[in-house]
Amino acid sequence: MTDTLYDRLGGEDAIGAVVDEFYDRVVADEQVAHFFEDVDMQKQRAHQTQFISSVAGGPVDYTGGEMEAVHDGMGIDHDEFDAIATHLNDALLEFDVGDDDREAVLEAIECYREPIVVAAD
């Protein structure tokens, strides 16, 4: 049996640690921190852990809303999406995730660019 990306990342606890590092970086970045000013970050971290676990092939069903609906009205542009993706990349690097697995996570997230980005550059 071949390990899934979820398994190679270390499962839910390891993904949760990456998500914590990711959000520490995001909320410290004034370019994108404002998107999370009125957000329950504990809930957001759990939600993001569930999302990444799901897209990584884990035994987790993503129960969040549709990406376009959830991000509607936020005005996220391509530069902001890129900044957030960079923070995810850096968090994965912090946990020594190999290049292939890191790229696989980022490619999975990239698939959601269009529904998330609702404002032009």
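**Aromatic contacts and overall fold**

Tutor: In this predicted model, Phe51 is buried, as its relative accessible area is 7%, and the cut-off for buried is under 20%.

Student: How many aromatic pairs does the structure hold?

Tutor: The structure holds four aromatic pairs. In one of them, the ring centres of Phe51 and Tyr62 lie 5.2 Å apart and the planes meet at 70°, so this pair is edge-to-face. The angle decides the label, because planes over 60 degrees apart count as edge-to-face.

Student: Where do Phe51 and Tyr62 sit in the chain?

Tutor: Phe51 belongs to helix α3, residues 41-55, whereas Tyr62 is in the loop between α3 and α4, the latter covering 67-71. The two residues are eleven apart, and their pair links distant parts of the chain.

Student: Which ring planes stand at 75°?

Tutor: Those of Phe51 and Tyr112, with centres 5.1 Å apart, so the pair is edge-to-face. Tyr112 counts as partly exposed, at 27% relative accessibility.

Student: Which residues form one aromatic cluster?

Tutor: Phe22, Tyr23 and Phe36 form one aromatic cluster.

Student: Changing topic, what does the secondary structure come to?

Tutor: The chain has seven helices and zero strands. Its pattern along the sequence is α-α-α-α-α-α-α.

Student: What is the radius of gyration, and how does it relate to a compact globule?

Tutor: The chain has a radius of gyration of 14 Å, which agrees with the value near 14 Å for a compact globule of 121 residues. The C-alpha trace spans about 45 × 25 × 25 Å along its principal axes.

Student: What share of the residues counts as buried?

Tutor: Of the 121 residues, 42% count as buried. The accessible surface is about 7000 Å², and carbon and sulfur atoms account for 45% of that surface.

Student: What about contacts across the sequence, between residues at least 6 apart?

Tutor: Of those contacts, 73% join residues at least 24 apart in sequence.

Student: Last topic: how many positive and negative charges are there, and how far apart are their mean positions?

Tutor: The chain carries 6 positive and 31 negative charges, and their mean positions are 3 Å apart.

Definitions and conventions. Residues numbered from 1 in each chain as written. Predicted model: local features only at pLDDT ≥ 70, side-chain atom pairs only at ≥ 80, totals over all residues. Heavy atoms only, no water. Helix = DSSP H or I, 4+ residues; strand = E, 2+ residues; numbered from the N terminus. Rg over C-alpha atoms; globule rule 2.2 N^0.38 Å. Buried < 20%, exposed > 50% of the residue type's maximum accessible area, 1.4 Å probe, protein only. Contact = heavy atoms within 4.5 Å. Areas by Shrake-Rupley, 256 points an atom, 1.4 Å probe, with all protein chains shown as cover. Lys, Arg positive; Asp, Glu negative; His and termini not counted. Charge placed at Lys NZ, Arg CZ, Asp CG, Glu CD. Phe/Tyr/Trp six-rings, centres within 6.5 Å; stacked < 30°, edge-to-face > 60°.
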